[in-house]
Amino acid sequence: MVSSVSPGLVSSVWAQEEPEGDAAVEPVEPQTPEEKKAAAIALFGEGQALAKEQKYTEAIEKFEKAFSYLPDPNLHFMIGEAYQLDGTENRDFEKLRKAIESYKKFVELVPEGAGADKANERIAQLEESVKAEDQRVARLADEEAQAKLDEELAAEKLEKERQAKLAKRKTMQ
């Protein structure tokens, strides 16, 4: 529970000494389970704030880092949601595929309950969208291939006509 973690613990996890000169100091990695939990909670909060600002890529990084410290299945749901929002907003179907993967990981870990039902609904919706896009891309590829073939056939026909005219001129001379 977030309220059970003392603010001092969260700030101590990421405490840094003042750098000497121009040397940058990396944040101290949490070591103990308590530090890892505090870090995960802090990262989760940062991820939520970034998602609200529609900075989904950064939010996903925070959620994934939080998961590395505290493997809470709900983080898979949050990662899926961020990928879904980013993918939908930017028509990025690779991100929608990643959203599906994250929701599936969540359902694998939490197979029952309202969260699982919601994740399964989103999986079904996203799979339908991705399938439709895959079909559209395949259709466009087929159309492009047909257009290229038509262009090549037209060029071959023109070349044959040109060759026939040349041959006819040679026979007339």
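Which residues are linked with Arg91 in a network of salt bridges? Glu133 and Arg136 are the partners of Arg91 in this network. The views below come from a predicted model, in which local features need pLDDT of at least 70, side-chain atom pairs count only at pLDDT 80 or more, and totals for chains, interfaces and linings use all residues. Residues are numbered from 1 along each chain as its sequence is written, and side-chain values use heavy atoms, with hydrogens and water left out.

**Figure 1. Overview of the chain.**
The chain holds six helices and zero strands. Helices (H or I, at least four residues) and strands (E, at least two) are DSSP runs, numbered from the N terminus. From that end, the elements read α-α-α-α-α-α. The chain has 173 residues, and 25% of them count as buried. Here buried means under 20% relative accessible area, exposed means over 50%, and partly exposed lies in between (1.4 Å probe, protein chains only). The accessible surface is about 12200 Å², with 53% belonging to carbon and sulfur atoms. Areas come from the Shrake-Rupley method with a 1.4 Å probe; for residues, only the protein chains shown count as cover. Among contacts (heavy atoms within 4.5 Å) with a separation of 6 or more, 49% join residues 24 or more positions apart.

**Figure 2. The largest nonpolar core.**
This core has 27 residues. A nonpolar core is a set of buried Ala, Val, Leu, Ile, Met, Phe, Trp, Tyr and Cys residues joined through side-chain atoms within 4.5 Å. Phe63, Tyr103, Ala119 and Leu126 have the most contacts inside the core. At least two core residues come from each of helix 2 (33-52), helix 3 (56-69), helix 4 (74-90), helix 5 (93-109) and helix 6 (114-172). Helix 5 gives the most, with seven residues.

Neighbours within four places in sequence are left aside here. Ala119 is then in contact with Phe77, Tyr103, Phe106 and Val107. Phe77, Tyr103 and Phe106 form one aromatic cluster. Rings of Phe, Tyr and Trp (its six-membered ring) pair if their centres lie within 6.5 Å; planes under 30 degrees apart count as stacked, over 60 as edge-to-face and the rest as tilted.

**Figure 3. His76 in helix 4.**
His76 is found in helix 4. Is this residue, His76, buried or exposed? His76 is buried, at a relative accessible area of 10%. Beyond its neighbours within four places in sequence, His76 is in contact with Phe67, Ser102, Tyr103, Lys105, Phe106 and Leu109.

**Figure 4. The Phe44 and Phe63 ring pair.**
The whole structure has three aromatic pairs. One of them joins Phe44 and Phe63; this pair is tilted, with 5.7 Å centre to centre and 40° between the planes. Phe44 lies in helix 2 and Phe63 in helix 3, so the pair links distant parts of the chain, 19 residues apart. Phe44 is partly exposed, at 26% relative accessibility. Phe63 is buried, at 1% relative accessible area.

The structure holds eleven salt bridges. A salt bridge is a side-chain nitrogen of Lys or Arg within 4 Å of a carboxyl oxygen of Asp or Glu. Lys62 pairs with Glu46, their closest N and O atoms being 2.9 Å apart. Lys62 lies in helix 3 and Glu46 in helix 2, so this bridge ties together parts that are 16 residues apart in sequence. Both count as partly exposed, Lys62 at 26% relative accessibility and Glu46 at 34%. Glu127 and Lys104 meet in another salt bridge (3.0 Å, N to O). Here Glu127 is in helix 6 and Lys104 in helix 5, so the pair ties together parts that are 23 residues apart in sequence. Glu127 is partly exposed, at 35% relative accessible area, and Lys104 is partly exposed at 41%.

Glu159 and Arg162 form a salt bridge, with closest N and O atoms 2.9 Å apart. Both lie in helix 6, three residues apart, about one turn of the helix. Glu159 is partly exposed, at 33% relative accessible area. Arg162 counts as partly exposed, at 43% relative accessibility.

**Figure 5. Glu101 in helix 5.**
Glu101 lies in helix 5. Its relative accessible area is 46%, so Glu101 is partly exposed. Glu101 and Tyr83 are 18 residues apart in sequence and 9.9 Å apart in space, C-alpha to C-alpha.
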